[in-house]
Amino acid sequence: MGSQSTAADLARFEYQRPEMGMAFRIVLYSTNQATGDAAADSAFQRIQQLNDIMSDYEEDSELSRLSRSSGSGREIPVSEDLWFVLSRAQDLARRSDGAFDVTVGPFVNLWRRARRQHQLPDPARLAQARQAVGYQHVRMNPANHSVELLVPNMKLDLGGIAKGYAIGEALKTLSRAGVERALVEGGGDVAVSEPPPGKKGWRFELSSLDVSNAPPVRFLSLKNVAISTSGDLFQRLEIDGKRYSHIVDPHTGVGLTDHSLINIIAPESITADSLTKVASVLRPKEALEFIENTPNVAVRIMRDPGGTIETYESTRFAQYYERD
């Protein structure tokens with residue numbers, strides 16, 4: 001079973017299920033289908049459990065209940081999963097000077113409405129939302145794992161980190177079930193363990209910008225890492241020829257407009273997922289420096305801010321390119 005089995009013992013099984021409002025896919029290698037089915041089912045159940053905790057769409061989720069306590073002056077005890085993710089989020093917010101900020105929910109809601117109505121958010125509403133945004137308004141008490149949201153009308157949005165955590169937890173669930181060669185994918189985030197039998201790594205095609213002068217396709221070979229991709233290829237608002245990304249700058253409340261594509265490779269998917277947002281918000285050279293100073297993480301940044309493609313890569317990224 002798992003990494004102790006020979007290549008001849010293992011068969012490939014693939015599963016797909018909607019979770020967290022998107023399609024999740026699991027590919028695994030197992031000695032038999034029953035083992036693979038049970039492992040995949042456990043992994044999907046773990047993702048569903050985390051969605052019940054961290055969804056900002058579900059009114060009865062733990063995260064939504066926490067948001068409704070904002071400005072009440074009360075500390076709210078939270079689950080171990082939510083505490084862990086919020087702790088990681090707050091640490092990254094401090095390190096990035098707010099380039100990553102899970103309190104952006106009021107801004108995100110305005111931009112969701114803007115995409116539906118195909119018009120930019122009202123500046124007065126953005127200004128009002130700004131009063132409830134800022135990671136400094138979150139007080140965490142390590143003594144009893146409780147959280148207080150200090151100002152009214154706060155709305156936490158874990159869309160930039162929870163999916164990565166769920167993917168990593170799904171991969172751990174597969175490992176505990178004895179599956180050591182697996183891939184878990186959801187909405188632009190992927191985590192992999194050991195490679196398929198007889199392969200050096202899992203093969204990935206790097207996405208490219210949707211422009212005519214985009215550079216040639218490149219491929220990656222990955223094992224025991226996670227990769228996250230973020231940009232405005234699929235979720236965006238276009239008004240008067242200007243593209244606004246679904247990624248909102250927490251400092252301004254405005255969707256990003258530089259038409260970018262970010263790839264982050266990291267040991268954990270929670271790290272890769274959250275750092276794509278940091279690298280999107282920061283200027284490219286600032287993002288490169290930030291990633292270079294983050295151990296074991298690599299980034300590729302591709303931008304088309306004005307019709308000329310710019311590509312930036314951190315020093316660790318090249319090691320992941322597929323080689324003949």
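A residue is called buried when its relative accessible area is under 20%, exposed when it is over 50%, and partly exposed in between (1.4 Å probe, protein chains only). Of the 324 residues of this protein, 54% count as buried. The structure is a predicted model, in which local features need pLDDT of at least 70 and side-chain atom pairs count only at pLDDT 80 or more, while totals for chains, interfaces and linings use all residues. Residues are numbered from 1 along each chain as its sequence is written, and side-chain values use heavy atoms, with hydrogens and water left out.

**Overall form**

- The protein contains eight helices and 15 strands; these are DSSP runs numbered from the N terminus (helices: H or I, at least four residues; strands: E, at least two).
- The radius of gyration, taken over C-alpha atoms, is compared with a globule rule of 2.2 Å times the number of residues to the power 0.38. For 324 residues a compact globule would have a value near 20 Å, and the protein, at 20 Å, agrees with this.
- Along the principal axes, the C-alpha trace spans about 65 × 50 × 35 Å.
- Contact means heavy atoms within 4.5 Å. Among contacts between residues at least 6 apart in sequence, 60% join residues at least 24 apart.

**Surface and charge**

**Salt bridges**

- Side chains of opposite charge can pair when their charged atoms come close.
- A salt bridge requires a side-chain nitrogen of Lys or Arg within 4 Å of a carboxyl oxygen of Asp or Glu, and the count by this rule is 17.
- Glutamate 185 belongs to strand S6 (residues 182–186) and arginine 25 to strand S2 (residues 22–30), so the pair ties together parts 160 residues apart in sequence.
- Glutamate 185 is partly exposed at 26% relative accessible area, as is arginine 25 at 22%.
- A network of salt bridges links Arg12, Glu14, Arg25 and Glu185.
- Arginine 88 is paired with glutamate 268, with the closest N and O atoms 3.5 Å apart. Arginine 88 lies in helix H3 (residues 80–95) and glutamate 268 in the loop between strand S13 (260–266) and helix H7 (269–281), 180 residues apart.
- Arginine 68 and glutamate 59 form a salt bridge with closest N and O atoms 3.2 Å apart, and both residues are exposed.

**Two individual residues**

- Glutamine 16 is placed in strand S1 (residues 11–19) and is exposed, at 58% relative accessibility. Not counting residues up to four places away in sequence, glutamine 16 touches Ala23, Phe24, Arg25 and Phe44.
- Serine 70 sits in the loop between helix H2 (62–68) and strand S3 (76–77) and is buried, with a relative accessible area of 13%. Beyond neighbours within four places in sequence, serine 70 contacts Leu149, Val151, Pro152, Asn153 and Met154.
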